[in-house]
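Hi,

Here is the structure I promised to pass on. Have a look at it first, and then read my notes below.

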Amino acid sequence: MTDAVRHHDPAVRGFASDNYAGVHPEVLAAIALANGGHQIAYGGDDYTAHLQEVFRRHFGPRAEAFPVFNGTGANVVSLQALLPRWGAVVCAETAHINVDEGGAPEKMGGIKLLTVPTPDGKLTPELIDRQAWGWGDEHRAQPLAVSITQSTELGTLYTPEEIRAICEHAHERGMLVHVDGSRLANAAASLGVPFREFTTDAGVDVLSFGGTKNGLLLGEAVVVLNPDAVRNITFLRKTSMQLASKMRFVSAQFEALLAGDLWLRSASHANAMAKRLEAAVKDIDGVTVVRPVQANAVFAILPREVSERLQKRYRFYFWNEHTGEVRWMCAFDTTEADIDGFAAAIAEEMAR
Ligand SMILES: Cc1ncc(COP(=O)(O)O)c(C=O)c1O
């Protein structure tokens with residue numbers, strides 16, 4: 001029983017973000033299970049201790065997970081842990097750390113971002129070299145890390161070989177590698193390989209592992225894959241305001257996600273819904289799917305006035321105001337009926 005009242009209509013669905021979805025019922029059950037009694041605060045609890053074993057099963061025996069509140073926090077803590085005060089990070093121009101974190105890496109972490117334009121949101125060794133230079137020059141922020149996003153902000157994927165090539169290239173130049181894995185589960189599900197094949201085994205040093213977009217109430221984790229590459233994570237997490245006092249409830253959610261196959265079921269489903277959406281809209285006259293659909297995002301261009309009318313029926317964002325490109329995201333709870341209804345609405349609005 002509760003005095004709280006429901007303020008929203010659960011029948012209203014949208015495609016704006018995988019964060020618009022609610023919490024997976026199995027995750028809510030795990031939170032309830034972890035409730036009651038007293039447990040040591042700030043990560044000294046039994047759930048966080050057990051979580052280490054769960055993450056090690058996925059990422060190898062040297063992995064260590066540090067739960068945090070959100071993805072921006074995971075990125076800012078990870079990058080600070082990799083870099084000295086004079087360090088800089090090479091990243092794609094479209095990287096979330098560059099365009100969607102309000103400048104937090106610079107403001108909170110004091111980290112310079114050296115950005116590179118890319119055709120598809122993906123860095124390559126050649127693209128990294130556009131910014132990876134000037135070591136030893138005291139006038140230039142020192143490029144000492146590379147950050148890539150898997151799956152990318154443009155819904156594309158790196159293959160394990162591409163990540164391995166980036167890691168080798170970076171390491172040869174004395175740079176460390178961070179992966180923004182806000183949608184790492186979508187990537188693993190789409191590639192059909194275990195997480196470690198394109199992270200630990202490919203040479204990634206530290207990872208921001210996403211939970212929220214895959215059905216957690218809240219929670220992400222900094223996952224250290226190479227302990228020799230990072231320093232002072234616990235202090236950095238605290239001073240970056242990412243240390244949860246009741247951490248057991250974040251850790252219990254991750255256990256629900258990762259101990260069995262919930263992560264895979266949910267991410268595979270979201271990816272399949274994106275494919276269904278692509279198939280449903282690609283033959284509608286005037287709608288062009290403009291990027292490969294490799295995870296749970298569909299990017300399309302259609303007439304602006306049609307998008308604006310559609311937005312009155314379903315929430316979604318313009319990705320690029322200039323070109324009129326829109327982004328449609330699918331989540332673990334997107335249904336086939338949601339997709340079919342949305343595709344029908346697109347066809348209807350196009351025909352008006
Ligand atoms: C690529 C990427 N990284 C990180 C995040 C995490 O952001 P937040 O700080 O909102 O949890 C997001 C969320 O949209 C994202 O898309």
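Before the notes, one term: a salt bridge here is a side-chain nitrogen of Lys or Arg within 4 Å of a carboxyl oxygen of Asp or Glu. Keep in mind, too, that this is a predicted model.

With that in hand, take glutamate 26 and arginine 265: their side chains form a salt bridge, with 2.9 Å from N to O. Between domain 1 and domain 2, the count is one salt bridge.

Which elements give two or more residues to the side of domain 1 that touches domain 2? They are helix 1 (25-34), helix 8 (184-191) and helix 10 (248-258). Helix 8 provides the largest share of that side, five residues. As for the kinds of residue on the side of domain 1 that touches domain 2, you'll find 11 nonpolar, eight polar and three charged.

Now for the wider view. For the contact, domain 1 supplies 22 residues and domain 2 supplies 20 residues.

Happy browsing!

Note on methods: Residues are numbered from 1 along each chain as its sequence is written. This is a predicted model: local features need pLDDT of at least 70, side-chain atom pairs count only at pLDDT 80 or more; totals for chains, interfaces and linings use all residues. Side-chain values use heavy atoms; hydrogens and water are left out. Contact means heavy atoms within 4.5 Å. Helices (H or I, at least four residues) and strands (E, at least two) are DSSP runs, numbered from the N terminus. Ala, Val, Leu, Ile, Met, Phe, Trp, Tyr, Cys and Pro count as nonpolar, Asp, Glu, Lys and Arg as charged, and the others, Gly among them, as polar.
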